Amino acid sequence: AALARLVAPAEAQQVGAELRLAAKSAESTHATFLEVLASPGILRIILVGFAVAFFSQATGCEAVIYYSGSILSQAGVGRDDMPR
């Protein structure tokens, strides 16, 4: 209903059909939280994030945040791996 106010009715129906199709395909290809967490890329990102947060709290200073770019690059996380 809201989409029909923004675009032509025919286009709204087409977009609605595409959304329903995408929702059905997403339902058939879902993964559990543990499956996603166990994937090597995600697990590495989470562990590095926890390590940066832990050492930031453990040291009680901003040194870890200041050097986080160096820490991440030494951990093998490049600029292309980081979200923009």
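Six helices and 0 strands: that is the secondary structure of this protein. Helices here are DSSP runs of H or I with at least four residues, strands are E runs of at least two, and both are numbered from the N terminus. Read from the N terminus, the order is α-α-α-α-α-α.

A word on the source. This is a predicted model, where local features need pLDDT of at least 70, side-chain atom pairs count only at pLDDT 80 or more, and totals for chains, interfaces and linings use all residues. Numbering starts from 1 along each chain as its sequence is written, and side-chain values use heavy atoms, with hydrogens and water left out.

Next, burial. The protein has 84 residues, and 11% of them count as buried. Buried means under 20% relative accessible area, exposed means over 50%, and partly exposed is in between (1.4 Å probe, protein chains only). The exposed surface comes to about 7200 Å². Carbon and sulfur atoms supply 65% of that area. The areas are Shrake-Rupley values with a 1.4 Å probe, and for residues only the protein chains shown count as cover.

Now the core. Which residues make up the largest nonpolar core? Val 48, Val 52, Val 64, Leu 72 and Val 77, so 5 residues. The rule takes buried Ala, Val, Leu, Ile, Met, Phe, Trp, Tyr and Cys residues joined through side-chain atoms within 4.5 Å.

Take Val 52. Val 52 sits in helix H4. Its relative accessible area is 15%, so Val 52 is buried. Contact means heavy atoms within 4.5 Å. Setting aside neighbours within four places in sequence, Val 52 contacts Val 64 and Ile 65. Val 52 and Ser 68 are 16 residues apart in sequence, yet 7.2 Å apart in space, C-alpha to C-alpha.

Then Val 64. Not counting residues up to four places away in sequence, Val 64 touches Val 52, Phe 55, Ser 56, Thr 59 and Ile 71.

On to the aromatics. Rings of Phe, Tyr and Trp (its six-membered ring) pair if their centres lie within 6.5 Å; planes under 30 degrees apart are stacked, over 60 edge-to-face, the rest tilted. That rule gives 2 aromatic pairs. Phe 54 and Phe 55 pair edge-to-face, at 5.1 Å centre to centre and 75° between the planes. Phe 54 has 53% relative accessibility, so Phe 54 counts as exposed. Phe 55, at 46%, counts as partly exposed. Tyr 66 and Tyr 67 also form an edge-to-face pair, with 4.8 Å centre to centre and 90° between the planes. Buried or exposed: what is Tyr 66? Exposed, with a relative accessible area of 66%. Tyr 67 is partly exposed at 47%.

Last, Ile 42. Ile 42 lies in helix H4, residues 40-59. Its relative accessibility is 36%, so Ile 42 counts as partly exposed.
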